[in-house]
Amino acid sequence: PEGVFLEDSVARAVTAQIIDELFQQYGVSEKGLEALNVLDAEGVKQALQQFIANNIYTRLVQVISNGAESKSTDHLIWVENQVKDYIFPTVRLDLMNRTDVLTIDWGGKEGRDFIERIYQEGYELIENIL
């Protein structure tokens, strides 16, 4: 809707994407929502990992496009790939080091700090190579 923050629209789009992937992975269209009952803590952790990484990456792609005026398409693609190659493994490794990601309040300070730290690192990477 009009007047929402970019982060909100990114979060909605990424949520829809992750739900679609989960539905496909677990065969919800054939088996119904009950198919998700086999989703264990590791499956939730992987979905959360994908959500966080995609969310941060999508926000950073917007940053890249904002700085695109004087850059070649090849350079922008290279920058985007560098950011992707940094964000996805960083989120995966940082979540692997957490004992139980399901106990983190992702809407609270700890969750926001986790996401914003990685976002800021990606932003700094963009500033250095764009």
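## Handedness of a crossing

A crossing of two helices is right-handed if the near helix is turned clockwise from the far one by less than a right angle, and left-handed if the turn is anticlockwise. The crossing of α3 and α5 is right-handed. The model here is a predicted one.

## Helix α3 against helix α5

Helix α3 covers residues 41-66, and helix α5 covers residues 109-129. Their axes come within 10 Å. They cross at roughly 35°.

Which residues of α3 meet α5? They are I52, I56, R59, L60, V63 and I64. On the α5 side, the partners are F114, I115, E116, I118, Y119, G122, Y123 and I126. Sorted by class, the residues of this contact are 11 nonpolar, one polar and two charged.

## Helix α1 against helix α3

Helix α1 runs over residues 6-25. Its axis and that of α3 come within 9 Å and cross at roughly 140°.

From α1, the contact takes in L6, E7, V10, A11, V14, T15, Q17, I18 and L22. From α3, it takes in A47, Q50, F51, N54, N55, T58, R59 and Q62. The classes here are eight nonpolar, seven polar and two charged residues. R59 of α3 is listed in this contact, and R59 is also listed in the contact with α5.

## A closer look at L22

L22 sits in helix α1. Is L22 buried or exposed? Its relative accessible area is 16%, and under 20% counts as buried, so L22 is buried.

What does L22 touch, leaving aside its neighbours within four places in sequence? The contacts of L22 are L36, L39 and A47. A47 belongs to the α3 side of the contact between α1 and α3. K109 is another matter: L22 and K109 are 87 residues apart in sequence. In space, their C-alpha atoms are 27 Å apart.

## Aromatic pairs and F114

How many aromatic pairs does a search of the whole structure find? It finds three. One of them joins W106 and F114. Their ring centres are 5.4 Å apart. Their planes stand at 85°, and over 60 degrees counts as edge-to-face, so this pair is edge-to-face.

F114 also takes part in the contact of α5 with α3. The relative accessible area of F114 is 3%, under the 20% cut-off, so F114 is buried.

Conventions: Residues are numbered from 1 along each chain as its sequence is written. This is a predicted model: local features need pLDDT of at least 70, side-chain atom pairs count only at pLDDT 80 or more; totals for chains, interfaces and linings use all residues. Side-chain values use heavy atoms; hydrogens and water are left out. Axes are lines fitted to C-alpha atoms, for helices over the stretch in contact, and angles run from 0 to 180 degrees between N-to-C directions. Helices (H or I, at least four residues) and strands (E, at least two) are DSSP runs, numbered from the N terminus. Contact means heavy atoms within 4.5 Å. Ala, Val, Leu, Ile, Met, Phe, Trp, Tyr, Cys and Pro count as nonpolar, Asp, Glu, Lys and Arg as charged, and the others, Gly among them, as polar. Rings of Phe, Tyr and Trp (its six-membered ring) pair if their centres lie within 6.5 Å; planes under 30 degrees apart count as stacked, over 60 as edge-to-face and the rest as tilted. Buried means under 20% relative accessible area, exposed over 50%, partly exposed in between (1.4 Å probe, protein chains only).
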